[in-house]
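Grab a pencil and work through the exercises below. Try each task yourself before you read its solution.

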Amino acid sequence: MVQKEERLIVPDEWFRPKGKDSEEAESVVRPSLSYWKDAWHRLRKNKLAISGLIFLIVLTLFAIFGPIFSSHTVTGTDFPNQNKAPSAEHWFGTDEAGRDVFTRTWYGARISLFVGVMAALIDFFIGIIYGGISGYKGGRTDTLMMRIIEILYGLPHLLVVILLMVVMGASLTTIIIALTITGWVGMARIVRGQVLQIKNYEFVTASKSFGAKTPRIIRKNLLPNTMGPIIVQMTLTVPSAIFAEAFLSFLGLGIQTPFASWGVMANDALPVILSGYWWRLFFPAFFISMTMFAFNVLGDGMQDALDPKLRG
Amino acid sequence: MNEHQLDNANELIRNRQEDVLLAERQGESDKKQGKKRKRKVVSTEKVLTVENLHVSFTTFGGEVQALRGVSFELYKGETLAIVGESGCGKSVTANTIMGLIPQPPGKIKNGKVLFKGKNLTKLSKAGLRKIQGVDISMIFQDPMTALNPTLQIGEQLTEGYRTHHKASKADARKKAIEMLELVGIPNPQERLKQYPHQFSGGMRQRIVIAIALICEPELLIADEPTTALDVTIQAQILELFDEIQEKTGVSIILITHDLGVVAKIADRIAVMYAGKVIEIGEKREIFYTPQHPYTKGLLNSVPRLDLKEEELQPIEGTPPDLFSPPEGCPFTARCPFAMDVCDRVYPETTQISADHAVNCWLQDERAKLVFA
Amino acid sequence: MAVYIVKRFFMMIATILIIATLTFFLMHSIPGSPFDEERTSNPTIQANLEKFYKLDQPVTVQYVHYLKSIATFDFGPSIKKPNESVNSLLARGFPISFELGMITILVAVVSGIILGTFAALRHNGIIDYMAMAFAVVGISVPNFVLATLLIQQVAVTWQWLPPATWSSPLHMILPTLALATGPMAIIARLTRASMLEVLTQDYMKMARAKGLTPFRIVVRHALRNALMPVVTIMGTMLAGILTGTFVIEKIFAIPGMGKYFVESINNRDYPVIMGSTVFYSAFLVFMLFLVDSVYGFLDPRIKLHRKDGDV
């Protein structure tokens, strides 16, 4: 009965063919964003990743300009003010030679960031060449190159790094060399995987049939499409390099420059930590942890942003 | 090609041969019995009643109204095919009946699923578990992913039976062998110990069917059971469905977008569009006298031997956005007979015959004047 | 399966060979050879060196001899301590380091898996967020920082637990905690990620459709598949824990192999550094081999490699 009544409500004049000019037909089309814009959009929503990014920007600025704010030089000693707690004079306190921890922290940041970024960059270049060739050439070349990687992958990295550092002596250059000799393998694997995935895409076949040469195909078509996971890998390489540098400092293989890295500062603080000089350890340890944290959350965030299928 | 790939290839070839062999054997036995598919006598006893079912999903983009008032009935021993384009809500319907809608993000907003006098949408998880796999079973689309790659198929077959019937290992094993025989897998004793990767696609789907049937359910929901298979294997699996229904009297809900499959084994057809059942009825009536323009379009878009290629007509356009579904008939934007009324009000159900109903304004007296 | 294991075994041998070769040639390339007589004023030490490295022979003979001694588990003498060798240090220190490492792995794996599984099952819930916050912090705070913090707070300020050494179960708590937190965080994250992926698989839906108990669904169907990636990183993690013992043993003054190793680095006892590195590498590579074999056992698809072709 209700049916009948409802039917009556519909006015007769609605029964005429619908005009083709109707608006609704193609109105609701979601704006489609490009891959990178889309990824950036998603990354921006990830508050943790963005705060990591901001922290890293601020840290970089301080590493460059921080010492300007300080009236102390990095190696300038201040006797008899050794091991003084943070004060208006020494914001982060002083160490056993009366040097200003605030100034030294920013110089340490330079070393740690430099080591991390350089390691990531060099890994990136070696990895992309090796992995790119291996994945693109395929066949026997690939099998051979992957067998080599498999064996290198089995090497305990940090041990090899220790070994190299012992032999080469500790310096900024040797630490980066030692870290990259072992580090590129992971990157090469990822690049190869990406290349393999994309190799058979139609547009590559298309450019091949137009007679494009191998290097050109790699540069123009393959690389832009493999960047996502590679950028993530680079972002995650930085904290592990920073950790490795700090770790080596603890083994007495720290960088011997006029000023100390964070790892060396923390290691130097160990014997006196029980004397209550907490600031000696706190500042370098805090910045190591925060930097690693920032890179880790940023890397995770980028992974989520670049690979939306993993979102729950 | 390395050895590993070679092994794989050999295995696949072996499996293929088995498939073909099976097909031949089946054909022979059919011939022997002079079997021609006879018209089933479908009882009038209702197994399942779905009433005004509304299901939504909360996503990043907002709320998707996947089901917007789905109603139908299923009788004992019949096969009901639910057809429609992807995204029309047919799989959501199946998952809702099965109690597999993850909540959240899913939510059953309204409606009932009545099975044996119980409303399944109101059951607790523990209550549902007493029905899942025992009274209602499900078969999934892709046999390659539906089996757990790390468990022997014997375990995957028997675990449901053992859970529900508290059966001993030996009893369950006996039952499993029986089931593998039923679905036509040779050497069942030996195969129980094998892993899914050691079977071909068609074989795996047979195993999935065996798993679904092991507790002798009253209702079997098959979600695109043949889509992922080769055409020859498809035919075998469809045969198997028929055979099983004959032997066990199970009711089947078949979710598919393949009208060829529907033509073969369905008794009744429900056509879904944008979260609603827009036409439902006995198979012949739907095939020969479709009423809804969408149903007609669907039938015209299927390649048929008796039609020339030019006569094939794909339906232009895409289904509406279910974030903000239209108030009126969702098909309006694509409908060649759209009227002003279609946009504004959703049409009531019109009963065409005892077993054929449609929701379309063209059934209204006044529309008949417009397109006279 | 057998082929797979054999292949892995040869890979292991190749890796050990590379490490041994690398150490041998690095040893010889050290500026101002460590075998120089000025460095080794002690005649006993010089004699030990001559005997082990065959310094009077050509390099090829030295190399072959070196490989032979490594194959017989002889890792060389010390140049700083006349009556010590890598083997004698290992005999004293390794059992302790092994104990520390094993307890750490046990703690890290068990708690990491539990944490990751619960986080995945309560995806986007409070447990998930807390577990993952903990995991990110755990990964970011280096173990030496954590170790010092623990000593400072738990041992010194609160005086709940002893601050150093390895003499009783109570002494073991802090070092284990400091060493296990990082790996545990990594395992938790990995378990969660792979669990989340497994949970969306068709076979999980099928398991649910069978009406199985949630416990069976999670443990029998999900966990085994979800743990595959965890097994694959076990090798890397073992290496991390092993090198982690160096700093942890140093900070907690635990008389393990790591402590001797750090000592040898600090006083540039090259033969000990080299010998220990080879031993550690061999040990790690062997563990990696074990892990790979376990993986082959866990994933039946690996068995495709076997040659006896039944089916």
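**Exercise 1: a sheet in chain B**

Strand β6(B) is joined to β7 (residues 219–223) of chain B by four bridges, and the two run parallel. Before going on, note that this is a predicted model, where local features need pLDDT of at least 70, side-chain atom pairs count only at pLDDT 80 or more, and totals for chains, interfaces and linings use all residues. Residues are numbered from 1 along each chain as its sequence is written, while chains are lettered from A and ligands numbered from 1 in the order in which they are written.

Solution: 
1. Strands (E, at least two residues) and helices (H or I, at least four) are DSSP runs, numbered from the N terminus. Two strands pair if DSSP finds at least two bridges between them.
2. Now write out the open sheet, which has eight strands in the order β6-β7-β8-β3-β9-β10-β12-β11 (chain B) and mixed pairing.

**Exercise 2: helix α5(B)**

Task: describe the length and bend of α5(B), and say why it counts as largely enclosed.

Solution: 
1. Helix α5 (residues 153–165) of chain B has 13 residues and spans 19 Å from first C-alpha to last, close to the expected 18 Å. That expected value is 1.5 Å times one less than the number of residues.
2. At Glu159(B), α5(B) bends by about 30°, the angle between axes fitted to the seven residues ending there and the seven starting there.
3. Just past the end of α5(B), Lys166(B) has a positive phi of about 50°.

**Exercise 3: chain C**

Task: how many helices and strands does chain C have, and what share of its residues is buried?

Solution: 
1. Chain C has eleven helices and zero strands.
2. Of its 311 residues, 45% count as buried.
3. The C-alpha atoms of chain C fill a box of roughly 75 × 65 × 30 Å along the principal axes.

Technical notes:
Buried ≥ 20, exposed ≤ 12 C-beta atoms within 10 Å, placed from the backbone.
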